[in-house]
Each structure stands twice: as structure tokens, then as C-alpha cells.
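Please look over the structure shown here before reading on.

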Amino acid sequence: MTDQVERFPSARADSDVEEAVTQSALDTMARDDLDVLEREGLEIESLTQWQLTRRKFFQHKLAVGSLILLLIIILSSLFAEQLAPYPFDAPNVPDRSLAPTLTDNHFFGTDKIGRDYFSRTLYGTRTSIYVAFFVSFLSTGIGVIVGGIAGYYGKWIDNLLMRVTDLFFTLPFLPVLMILANFWGRGNPIRVGIVLAFLFWTTLARIVRGEFLSLREKEYVEAAKALGASDARIIFRHILPNALGAIIVNATLTVATAILVEAALSFLGFGIQPPFPALGKLISDGQDALTTQWWLAVFPGLTIVAIALCINFIGDGLRDALDPKQRVK
Amino acid sequence: MATFILRRILLSIPVLIISTVIIFWGMTEIADPLSSLRLLPNVSQQTIQNIVDRKHLDDPWYVQYVFWAKDLFTERNTTALGNNPIWPDLKRAAGNTVQLIAISEVIAITTAVWLGVQSAKKQYSVFDYTTTTVSFFGFSVPIFWFALMLQALVTGLFLWTGFRLFYTFGQSSFDIASQGWWAVLIDRLQHMVLPITTLAYVNIATYSRFQRASMLEVLNADYIRTARAKGLSERTVTMKHGLRNALIPVVTLAAINFGGLLGGAVITETIFAWPGMGKFFFDALSQGDAYTIMSWLVVTAIAIIIGNLLADIAYGWLDPRIRYD
Amino acid sequence: MADSVLEIKDLVVEFDTTDGVVHAVDGVSYEVAPGETLGVVGESGSGKSVTVMSALGLIQMPPGRIVRGEVLYNGRNLIGLPIDELRKIRNKEIGMVFQDPMTSLNPVFTVGDQIAEAILEHNASATELEARKRTIGLLERVGVPNAERRFDQYPHEYSGGMRQRAMIAMAIANDPAVIIADEPTTALDVTIQAQVLDVLKDATRETHAALILITHDLGVVAELVDKVAVMYAGKVVERGSVEEIFHAPRHPYTLGLMMSLPRLSGEIKKLLPIAGNPPSLLNRPAGCSFHPRCRLYHGREICRTDVPELPGGTTAAACHFTSEMAAELEREAAEAGIAAEGGRIG
Ligand SMILES: Nc1ncnc2c1ncn2[C@@H]1O[C@H](COP(=O)(O)OP(=O)(O)OP(=O)(O)O)[C@@H](O)[C@H]1O
Ligand SMILES: [Mg+2]
């Protein structure tokens, strides 16, 4: 579940409850009090974990549809130069304030100096997507490192790192972002992305720490340790692959959160600023003409909704697919 | 319980002191209090020198901190340029925000609990799928855009019919005070509806997902079966035995959220020009006054600490297994 | 024996799952008379719980479905009864004790309130105070010390054994004619188990209630029970008195169960698990579900093709070759003798 901006960040930790719920009656089936015999267990015809996951994911129709739509949006924005009928920033006064129309390809209309909003939206989408993926990679990296160290080594390192993480959770999320972006971001997409990642890693750090803490105790990890495997080997060969599911789901949902938060920042004037195109800025440009030129705010907004919705559905599908408790239908 | 609360409050004091240090140090690191003033052509060298003297800007940051912290909660906590006391405005803003979030939280919690319970009771029904899908929209629609669309809709309605249902801007109409308390109340409500809707919409999506998940978990619990086996009505089973347990996570979350919301309604208040904490922060940040921002951060930190305390109290109150002593 | 107070007749219960239909209960019949104790035994997943839960409408529907069958309480069919009628039977006429006392009590209400709730629900005229007094009496009866003070405590302040006593107090709160105890001691320490069973036994003796005791513990069966129903893969495969079941089992599965018991006749014997796995209820073997694990099968076709019927009467087994069991028992006894001797020599 993605986090919206005006919410306290701890609201993001909701998957625990949901996870417990998936425990279905099927568990009763596996329970064996007599324990005399080994049960056949779940007959999964020797599929690898990844094949199984993929198969389950592709059964989630909403997720697959979302994936296709998202790919279309991403690809068309990546090829904005080729696809956009107009440049991002070229005024064309004779064509000003046009409502959406098919003539001259002004699908999303034009603003009061005649800039084509379809083209602007395409370019803006590209920036938003770049930044969101950048944020997701960066914050996932930080989160995995911090959470992994805390969970693997435990003791005082864990304590220290988790107190630091707690500190981040007690910050008013959006205002701190605004302050950092204002004084340090300077409207530059990369800087804004770094600022976002700086506040985004904490959720994942907690998840990874939890996974590491429990995986650390597993027999095969103990066995590897007993055999003298190095820490790095244990982490990368034995623990990380098992925590990968949770990491992937979180990284996916972070993309959606990043898009929403970046748009909000840019809308408020603290995020990405001209000359860089950004969807949030496009919407704030349209804010003054809400009733007369509604299309200026509506289309970039709908684009954000579409992207975020797709990613949330994909994340949902991934979560189901990676959940070992749910079986192939 | 009383000793627990007292101890928690005492423990909060060092936390608060540490956060003021971090706030002060962080702000002086990233935002030179004078940088924005130096850019203004009509600010003289003398004025700047006065500010430097008044705020001890020639001293190292920790000395500055001591002077700042000493006066933090007094009249002498002032803006850099105008030397205006910060507290009166900040207090008024906090009051306005509390009005807004108190109402919106009550609406959000009741709606979300109802939605969550109903979807859990009818898991996989059309109702359940609908609320799930709608909540996915809730997670995917940017708040600021949602607020703008509300504004556009209401304004459009006004332009079209000439009927003013709600206001899209501000807290009260000009000269309304002269028309009696009843008119003032109606006017205030007309101003509040849109910001409250926006704020509630954000939280309904989250809370209802939470409520659904915890209700589902609870409805599968053994003690629910026990309650049924006693011959209790389905209503008593779900509403007394189920809901009482399923409320615990949501109420705790809402309590935590309450602190965060006080400082978090920036977007909503800015768009609807509601003179609360969020708008206050937005303006302070736009004007670049470090002292105003720092005071604001301190208030928010206190609110968050109180929110966490409330969450602990609520948790202990709802769940007898938690014993504070 | 007197007329039965609760009789289950040809009950069939299925569950729809993503993997297909689970035939959890497939034509189960058994009955108990007042004052009588029926033991229901069988491997995990054989449908013991689902049978009794369905009787009181406590299974989830959907995914559950009662396909056919009757549950007669004093001659009245409970299946298909409107929920409001069924509610009057629950606890008032048929009390239930569940397996896990840790999770069967609601953590946010006091134990006393939860028991008193059962009294108030079924006695419209009772006041809170009366319910409290009766509850305290009940708690004393099941051996909860300091009942007055314990009334106002929460479940987490009780030990496991005490909680199960409280569950029994709740089950007998309205002096039901039938008590169903679904593995009431499985989750408890061995030392506590005997005490709790005593409490249960005393409670039924006092009120002359019928008791259905579901258990894995054949020791419990030997001690407490009058007659036994053995369940396998959703069916009752053998029915009989305790003596018959223990000393002259007529179904190879029952014999297998006895063999898997650590102490059969006082001597410590090697534990002999029944070979093979319990069948998948999604996809049961054709014919007799037990044949893949059966010692009497010997590849005979009828076992693969025909489902053996369970004949009526108090003593019966659902096996095509129940007549061969006598010889089988002799062979077992001979082997056991050798084993015991071997043990003595070594
Ligand atoms: N809600 C359900 N959905 C699907 N299958 C179910 C459900 N409840 C029970 N079953 C299935 O019905 C079968 C019988 O279950 P039941 O609980 O009656 O077994 P049992 O004999 O009581 O076992 P145990 O000794 O473990 O309690 C099991 O295979 C179980 O998986
Ligand atoms: Mg059972």
C-alpha cells in the first residue's frame, strides 16, 4: 500500500496485519498432532520459486493489465522527443487556450501562451518516472544496507541503527522534505530525488531488518555458519535471496509513493522547477485557471493517478505472487 | 496507569530537548538565517548587523542554540527581520488546525471502521471488491490534485447555478461576524467542508484497509467461534467480541497520526487557504525565516510526541494484556 | 442403553477451496445417550472437528457446505434450522469445549464476564448479579481457586489449565444435555491433562450429560470413554465399545492406531506408525480410502473399486475383509510376544 503525503509515515507498516490474515484454513490442513507420519505437503510439481511466482503473478489480471499500461506510459514518455507533437516549452500564441482537440494534435489542450499540454505532460511524465525510479533504487539500497546490518549483526549496532530509524519516523514527513528540498534541492531532479530517498529508506530498513533477524536463526544459515562461510557469503547467498520478495514489493510501492510525493513537492514549488518539466508543476500552472481551462490541471493529474494506480496494482499482484502461503489457483 | 503516563511524560522531555538540538543544528546547517535577507536590496547593512547581534549569529551554533532555547517559549522568540514575536501567530494557527483535524479524524475513523468491518464481514463480496478498489484509488490520487478537483467542482457549480454551497478559500467570510453567531457557525462550516473532505479522504483509505485486515484476522480467531458456540447473536459476536479486538490497531494508528497531522496538513491548508499550521509553515518556508520554521518544527515535534503517548495510552486502555506499571 | 440424545446421521460436509472440493466429512453417523461418553478418534484431518462443528452450524459457510445428513437433538434436526433457533440450542442444550484454551477466550474481556454472558444470553430473567454468583459457583465447581477474585481477571492472567477449566465452566453454564469436547487437553501440559479430564468427567456425571470426547490420546479413550467411533478420511470406519476397539479391533486402521500407541499393554513397545500418508481429501483413493496403507489389501480388486459400508449396530467396521482381522491379531500378538521376549533376553 502506498503512502500518501499528508500522512504520518508509520502508517506504511500495515502489511503485518494483512499478512497474518492470509493464514487461511489451509494451515489447519498442514497441522499434524499425531505427527507419526510425514505429510505429503503441498504438491507443487517441482517448479522453481521464480517460475511459481511468475505464474501466480500472471494470474493476477489487474496486475498484468496495469503492467502493460504502465509500460506503455513509460515507453512513450521515454520517447517523448519522437512522440510529442510539440516541444516542451515552445509558446505558440495563435493556438493559445485551446480545449483538448484532435486538430493539430492538441489532445490535452494548450495553455494561455499556446504551449501544447500533451507534449508537456509527456516530458513531465518522463522526469517524474526518472526521479521515482531513482528514488526507489537509492532508498532500497540504503534500506537494505542499514536494515541488513542491523538485522544481521544485531546487538548494539541494531539498537543504534533502529533508534536512528525511529527518529526518522517521528519527523513530520512532508514538511521536512519541503525544508530539505527548499534549501538543498534547488529545483534539480537529481537533488530532489536524493532528498526523497533520504526520507524513504526507513520503511524498507525495518522490513529488511525483520527478515534478517528471523532468517539469521534458520537452520541452513546456522549450518553455513558452522561450515565457516564468510558473513558476506551468508548474507548474499543465503539470506538476501529469501528477503528478496519483501524488498521487491517495497521497492515497487516506493516508486508510486515517490511519484506522488515528488508531484506534491513540485506542485507546492519546492520540488522540480523549470527548466525541468514536472507533472506537479504543470498542475500548479493550471491551478489559476481551474474553471476556465480545466484541462491544464486535469490531464497531468490523471497521468499521475494512472501511473500510481498501475504501480499499486502491480505491487499488490507481486505481494500475492511472492506470498508462499498463497497457492497457485 | 497514572505512574506510567507520568513516567512517559518525563521520558519525553529529554527526547524533546534532543529534537530541539537537532532542529536547531539542522536548520543552521542548511539554511543561513541571513542568506535570504542579503538578497533583498532594501535591507541595510545596519539591519543585518542588528540581527546578528540579536540572534548571536557570530557565535558558534551551540552558543546560539542556548540563547535560542532559553527564549524559545517566550515573547523574545522572534523573526529575524521584523523582530516580531512568533508565538501569537503560531498558537492561532495551531488552534485552527486542531479544529480541522479533530473533525476530519472523527469522520475518517468512523467511516473507515464501518467500511473495514463491512468488507471483512462480506469478504470477496461486491462491496468488498468495490471498497478495495476505491481505496486503491485513495492511495493513487495525489491529495493536492484531489483538492483542486473539489475546488473546481464547487466553483464550477457556483458559476453555473449561482448557488454557493461551500467556500473554496479561507476560514470565514468578510464581515460575517456582524450577522450573529448562527451565521458565523454556518459560514465556518461552509468553509470547512472541503478541507475536511480532503483530509478525511486521505485517511479513510488507509484506516479502512487497516480495519479490514484486523477485522478479518479477528473474525478467524478461536474466541469468535467460542462466542458463537455460546449462542450469542451474530451482531454481538462481530460487534462486541470482534470489533473490540479489531479496533486496537486502528485506534492506535489514529492516535499516532493525530500528532503527525497537526504538522502534516500543509497541502490541504495551502490549497484552501486555511490559516492553520500547514499554511503557516508554507508561508514561513516561502519567506525563508529560519526562526519561524524552527518554532514550527518544535511545536510539531511536541504534537508527535503527544500523539505517540496517546497511542500508548489508547493501546493500554483497549488491550488488557498490556500492563503499564 | 437409553435413547440417544444426540444422533448424527449420514452427515456429508464439503469445503470449496482453490484446489478443489475437500470432502471433509463423508457420511458420518454416530450417537450418544444421556450419561454416556463417546470417544471419537482418528488421525489429524479425518474430519472429527468438522463433524461436530457442523452440528452446531459453526463451520464457515462458504467455503463449507453441508451436503446432506441429519443432526438429531432429541429427535429434532439441527441441520437447516434457522440461525435464531440454533442459537437457542448452542450452549443451552449443547456445550462445547475447544482445543486451545489460549486462544479460545477473548483477550479483552474478563473470564467471568465471558462465562456470565452465556448465562445471561439464555436466561432472559437473570440479572447481572445473579449471573455473577452463578459464574463464581461454576468456577468453583471446575476447581478454579479464589473464584471470586478470578472472576474479574483477564484470560492472560490465567494459566493454560485454568483457562481450560474456565472453558469447561462456560460449556456447562446452562447445564446442557450434551457436552462436546474437541481435544480439550491437547494443548496442555501432561501433568494438567488428567486434572482437566477429571473436571470434565465430573461435570458430565453430575448433570448426567452426554459427552462427546474428541481426542488423539488413546490412553484417555481407555480411561474415560464408554464407546468409540474411529474416523478415517471423513468416514467412521469402526464403531464399538472400548474393550472391542482395544482388544478386538475389526478394522485394520484401528489396529494400526493401536500399534502406534506407545503403551499398549503396560510394556514399552516399539512405536509402529501406520505405513503411508493420510489420503488427500481432495483426491481420495477410489474404493476403500484406506487400501493404499492397508495390511489386508494384498492387491485385491474389491478394495480398489468398492467403498465398504459401515453396517448398523453398536459394533461394526467398514472393511471388506473384517473377517480376516482375527488371524491378523493373532499374528500381531505372536510377534509382540517374540519382541517382548527378545527385550528380556537383551
Ligand atoms: N474452512 C475450511 N476450508 C477448507 N478445508 C477445511 C476447512 N475446515 C476444515 N477443512 C478440512 O477438513 C478436513 C477435516 O478437518 P478437521 O478439522 O475436522 O480434522 P480433525 O480430524 O479435527 O483433525 P485434528 O485432529 O487436526 O483436529 C481437513 O482436511 C481440513 O483441511
Ligand atoms: Mg480437530
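Read along its sequence, chain A of this predicted model follows the pattern α-α-α-α-α-α-α-α-α-α-α-α-α, with 13 helices and zero strands, where helices (H or I, at least four residues) and strands (E, at least two) are DSSP runs numbered from the N terminus. Because the model is predicted, local features need pLDDT of at least 70 and side-chain atom pairs count only at pLDDT 80 or more, while totals for chains, interfaces and linings use all residues, and side-chain values use heavy atoms, with hydrogens and water left out. Residues are numbered from 1 along each chain as its sequence is written, and chains are lettered from A and ligands numbered from 1 in the order in which they are written.

**Chain A on its own**

- Of the 329 residues of chain A, 53% count as buried, a class that means under 20% relative accessible area, with exposed over 50% and partly exposed in between (1.4 Å probe, protein chains only).
- Taking the contacts (heavy atoms within 4.5 Å) in chain A between residues at least 6 apart in sequence, 71% join residues at least 24 apart.

**Where chain A meets chain B**

- On the two sides of this interface, 47 residues of chain A are in contact with 55 residues of chain B.
- Chain A and chain B bury about 4400 Å² between them, with 78% of that area on carbon and sulfur atoms; buried area is the accessible area (1.4 Å probe) that two parts lose on being put together, summed over both.
- Helix 1 (15-22), helix 8 (173-185), helix 11 (231-268), helix 12 (279-286) and helix 13 (295-322) of chain A each supply at least two residues of the side of chain A that touches chain B, and helix 13 of chain A gives the most, with 11 residues.
- The residues of that side of chain A divide into 32 nonpolar, 10 polar and five charged, where Ala, Val, Leu, Ile, Met, Phe, Trp, Tyr, Cys and Pro count as nonpolar, Asp, Glu, Lys and Arg as charged, and the others, Gly among them, as polar.

**Where chain B meets chain C**

- Here 21 residues of chain B are in contact with 25 residues of chain C, and the area buried between chain B and chain C is about 2200 Å², of which carbon and sulfur atoms give 58%.
- The count between chain B and chain C is two salt bridges, including the one that B:Lys230 forms with C:Glu117, whose closest N and O atoms are 2.7 Å apart.
- Between chain B and chain C, 15 residue pairs are in polar contact, both residues at pLDDT 80 or more.
- Helix 9 (222-229) and helix 10 (234-264) of chain B each supply at least two residues of the side of chain B that touches chain C, and by class that side has six nonpolar, seven polar and eight charged residues.

**Salt bridges within chains**

- Side chains of opposite charge can pair when their charged atoms come close.
- Over all chains, the structure holds 28 salt bridges.
- In chain B, B:Arg321 and B:Asp319 form a salt bridge with the closest N and O atoms 3.0 Å apart; B:Arg321 is partly exposed, at 42% relative accessible area, whereas B:Asp319 counts as buried, at 4%.
- Also in chain B, a network of salt bridges links B:Lys70, B:Asp71 and B:Arg76.
- In chain C, C:Asp10 forms a salt bridge with C:Arg68, the closest N and O atoms being 2.5 Å apart; C:Asp10 lies in strand 1 (residues 6-17) of chain C and C:Arg68 in strand 4 (residues 64-73) of chain C, so this pair ties together parts that are 58 residues apart in sequence.
- The side chains of C:Arg141 and C:Glu206 meet in a salt bridge (2.9 Å, N to O), which links helix 5 (residues 128-141) and helix 8 (residues 190-207) of chain C, with the two residues 65 apart.
- C:Arg141 counts as partly exposed, at 37% relative accessibility, and C:Glu206 is exposed, at 51% relative accessible area.

**Domains of chain B**

- The domain assignment of chain B gives domain 1 (2-71) and domain 2 (87-144 + 198-287), with bounds that come from an automatic or database domain assignment.
- The centres of domain 1 and domain 2 of chain B, taken over C-alpha atoms, are separated by 35 Å.

Technical notes:
Salt bridge = Lys/Arg side-chain N within 4 Å of Asp/Glu carboxyl O. Polar contact = N/O pair within 3.5 Å; in protein donor to acceptor, adjacent residues only side chain to side chain.
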